[in-house]
Amino acid sequence: MHIYICSKCGAVVEKDSMPAVSGCPKGTHSWSIVAFNGSLVAKPGLHPYQCRNCGILIYSDSMPSTVSCHFGGTHSWIKL
Ligand SMILES: [Zn+2]
Ligand SMILES: [Zn+2]
């Protein structure tokens with residue numbers, strides 16, 4: 001299970017795959033991942049980071065953890 005948070009409305013969803021974008025009170029949900037397979041990737045925050053390997057986008061206050069990249073190995077985060 002992965003945990004996703006909507007950066008627009010703050011909704012948190014636990015799911016195996018990216019949740020649907022419909023139903024956001026502020027238009028469409030903008031999901032970013034918080035925990036991947038139970039391991040915390042980042043504390044939710046305001047700054048967008050993207051992994052160069054798997055392309056996932058997360059919002060965090062500080063550099064996210066490099067564990068559990070979808071493509072194997074570790075995430076390689078760049079601050080957007
Ligand atoms: Zn939302
Ligand atoms: Zn990655």
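**A chat about a seven-strand chain**

Among contacts in the chain between residues at least 6 apart in sequence, 34% join residues at least 24 apart, where two residues are in contact if their C-beta atoms, placed from the backbone, lie within 7 Å.

Visitor: Before we start, what kind of model is this?
Guide: This is a predicted model, in which local features need pLDDT of at least 70 and side-chain atom pairs count only at pLDDT 80 or more, while totals for chains, interfaces and linings use all residues. Residues are numbered from 1 along each chain as its sequence is written, and chains are lettered from A and ligands numbered from 1 in the order in which they are written.

Visitor: OK, how many helices and strands are there?
Guide: The chain has 0 helices and 7 strands, where helices (H or I, at least four residues) and strands (E, at least two) are DSSP runs, numbered from the N terminus. Read from the N terminus, the order is β-β-β-β-β-β-β.
Guide: The radius of gyration, taken over C-alpha atoms, is 12 Å, close to the 12 Å that the globule rule (2.2 Å times the number of residues to the power 0.38) gives for 80 residues, so the chain is as compact as a globular protein of that length.

Visitor: And what box do the C-alpha atoms fill?
Guide: Along the principal axes, the C-alpha atoms fill a box of roughly 35 × 25 × 20 Å.

Visitor: Which way do S1 and S2 pair?
Guide: Strand S1 (residues 2-6) and strand S2 (residues 12-15) pair in the antiparallel sense over 4 bridges, and two strands count as paired if DSSP finds at least two bridges between them. Tyr 4 stands opposite Val 13 in S2, and in the hairpin of these strands, with 5 residues between them, Gly 10 takes a positive phi near 85 degrees.

Visitor: What about S5 and S6?
Guide: Strand S5 (residues 44-51) and strand S6 (residues 57-60) run antiparallel and are joined by 5 bridges, with Gln 50 opposite Leu 57 in S6. They form a hairpin with 5 residues between them, and Gly 55 in the turn has a positive phi of about 85 degrees.

Visitor: Switching topic, is Ile 5 buried or exposed?
Guide: Ile 5, which lies in strand S1, counts as buried because it has 21 C-beta neighbours inside 10 Å. A residue is buried if 20 or more other C-beta atoms, placed from the backbone, lie within 10 Å of its own, exposed if 12 or fewer, and partly exposed in between. Buried residues make up 26% of the 80 residues in the chain.

Visitor: So what does Ile 5 touch?
Guide: Leaving out residues up to four places away in sequence, Ile 5 touches Gly 10, Val 12, Ser 32, Val 34 and Pro 44.
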